[in-house]
Amino acid sequence: MKLTGIFSNSSFGKKVIQLTLISLFFFLLFSLISVLITKGNFSDINSLKLAQLLQSIGLFVIPPILLAVLWSKNLFEYLKVNKIPSLNNIFFTLLIMFSAIPAINLLSEVNAAIHLPNSLSWLEKLFVDMESRAEELTLRMLEVNSIYGLIINIGLIAVVPAIGEELFFRGIIQKLLQEKWKIHVAVWVAAIIFSTFHFQFFGFIPRMLIGALLGYMFVWTQNLWVPIIAHFINNAIAVVFYYFKGQDTVLLDVDNIGKSDTLYMGLISIVVVAILIYLFRRHTKKAL
């Protein structure tokens, strides 16, 4: 039985069900595999990293590839990974993501200052506890003292999420939403889903905006490699920064630039990024 394109004529609702069931199945399957391999010993950092890798593959890599096969007759064309991005697109992507660092930090600080009403204080406490545990886990994973460890972390925290999450959120979810709604609505709803999936309330706004930027990059270039590169840069900066911070060789506090005493840099960054996005859009219009 040939599976290629077998569900290409499915309705929007049926595709949502297929997406949900397939994603849930492979996530649970790979979570079970990770527990069996590591014997549930997640106190060991290597076991934790292996579990993270398997769960990422099970949720973000396999489902979108399988769904693209079921929904189309050309996997690579459907996911828009069949062409190498132009050097100009790569240049703009690099420029935007590096210029956005202070802006992201500033927006993160603003987001962290938002508090829920007193009636929802229990929910805010839950969010704080969740984020504290997530931050502790992330820092444990980032703490390496060798180039080999750095390379592993770049692969695990930058390469795999960049490819997997862009396949899932932009390649599948955003494209599916475009079948139902206009492009702008699809981009922003996918960005909201993207940010929600990370379960970090105090980083929701900057992550949502990053998701929207990645979504528009995908729409404008019709090439998934562009948001993949942008996503990779965003994650890799953090990995490399924390590595050199652990080696006491950091010259610039990348994590705080744009906040507090350097607020002006965050504001300048927002303006610069807005200009670069405008120029990037103009460039992609000419290229089409």
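A charge sits over a ring if NZ of Lys or CZ of Arg is within 6 Å of the ring centre and within 35 degrees of the ring normal. The model shown is predicted: local features need pLDDT of at least 70, side-chain atom pairs count only at pLDDT 80 or more, and totals for chains, interfaces and linings use all residues. Residues are numbered from 1 along each chain as its sequence is written, and side-chain values use heavy atoms, with hydrogens and water left out.

**View 1. Charges over rings.**
Arg 170 lies over the face of Phe 194, 4.6 Å from the ring centre. In a second case, the charged end of Lys 15 sits over the ring of Trp 71. Here the distance to the ring centre is 5.2 Å.

**View 2. Aromatic pairs.**
Rings of Phe, Tyr and Trp (its six-membered ring) pair if their centres lie within 6.5 Å; planes under 30 degrees apart count as stacked, over 60 as edge-to-face and the rest as tilted. The whole structure holds 16 aromatic pairs. Phe 12 and Trp 181 make a tilted pair, with 6.3 Å between centres and 55° between planes. This pair links distant parts of the chain, 169 residues apart: Phe 12 is in helix α1 and Trp 181 in the loop between α7 and α8 (183-197). Helices (H or I, at least four residues) and strands (E, at least two) are DSSP runs, numbered from the N terminus. Buried means under 20% relative accessible area, exposed over 50%, and partly exposed in between (1.4 Å probe, protein chains only). Phe 12 counts as partly exposed because its relative accessibility is 23%. Trp 181 is also partly exposed, at 39%. The rings of Phe 169 and Phe 194 have centres 5.2 Å apart and planes at 80°, so this pair is edge-to-face. Phe 169 belongs to helix α7 and Phe 194 to helix α8, 25 residues apart. Both Phe 169 and Phe 194 are buried. Ring pairs join Phe 60, Phe 168, Phe 169, Phe 194 and Phe 197 into a cluster.

**View 3. Helix α1 and its cover.**
The expected span of a helix is 1.5 Å times one less than its number of residues. Helix α1 (residues 12-38) has 27 residues and should span 39 Å; its end C-alpha atoms are 38 Å apart, which agrees. Its buried residues include Lys 15, Gln 18, Leu 19, Ile 22 and Phe 26. What covers the buried residues of α1 includes α2 (45-71) and α7 (147-178). Lys 39 follows α1 and has a positive phi, near 60°.

**View 4. Two nonpolar cores.**
A nonpolar core is a set of buried Ala, Val, Leu, Ile, Met, Phe, Trp, Tyr and Cys residues joined through side-chain atoms within 4.5 Å. The largest has 28 residues, of which Leu 19, Trp 71, Leu 79, Ile 172 and Ile 173 touch the most other members. Two or more residues each come from α1, α2, α3 (75-79), α7 and α8. Helix α7 gives the most, with 8 residues. Contact means heavy atoms within 4.5 Å. Leaving aside neighbours within four places in sequence, Leu 19 is in contact with Leu 67, Trp 71, Phe 168, Ile 172, Ile 173 and Leu 176.

**View 5. Helix α4 and Thr 93.**
Helix α4 (residues 87-99) has 13 residues and reaches 18 Å from its first C-alpha to its last, close to the expected 18 Å. Asn 89, Phe 92, Thr 93, Ile 96 and Met 97 are its buried residues. They cover an arc of only 125° around the axis, which puts them on the same side of α4. The arc is that of the directions from the helix axis to the C-beta atoms. Thr 93 has a relative accessible area of 2%, so Thr 93 is buried. Not counting residues up to four places away in sequence, Thr 93 touches Met 217, Val 226, Ile 229, Ala 230 and Ile 233.

Most residues other than glycine have a negative phi. Helix α9 itself is mostly covered, with 14 of its 18 residues buried. Lys 80 is not a glycine, yet has a positive phi of about 60°. Lys 80 lies in the loop between α3 and α4 and is buried, at 16% relative accessible area. Ser 260, also not a glycine, has a positive phi of about 40°. The place of Ser 260 is the loop between α10 (225-246) and α11 (263-287).
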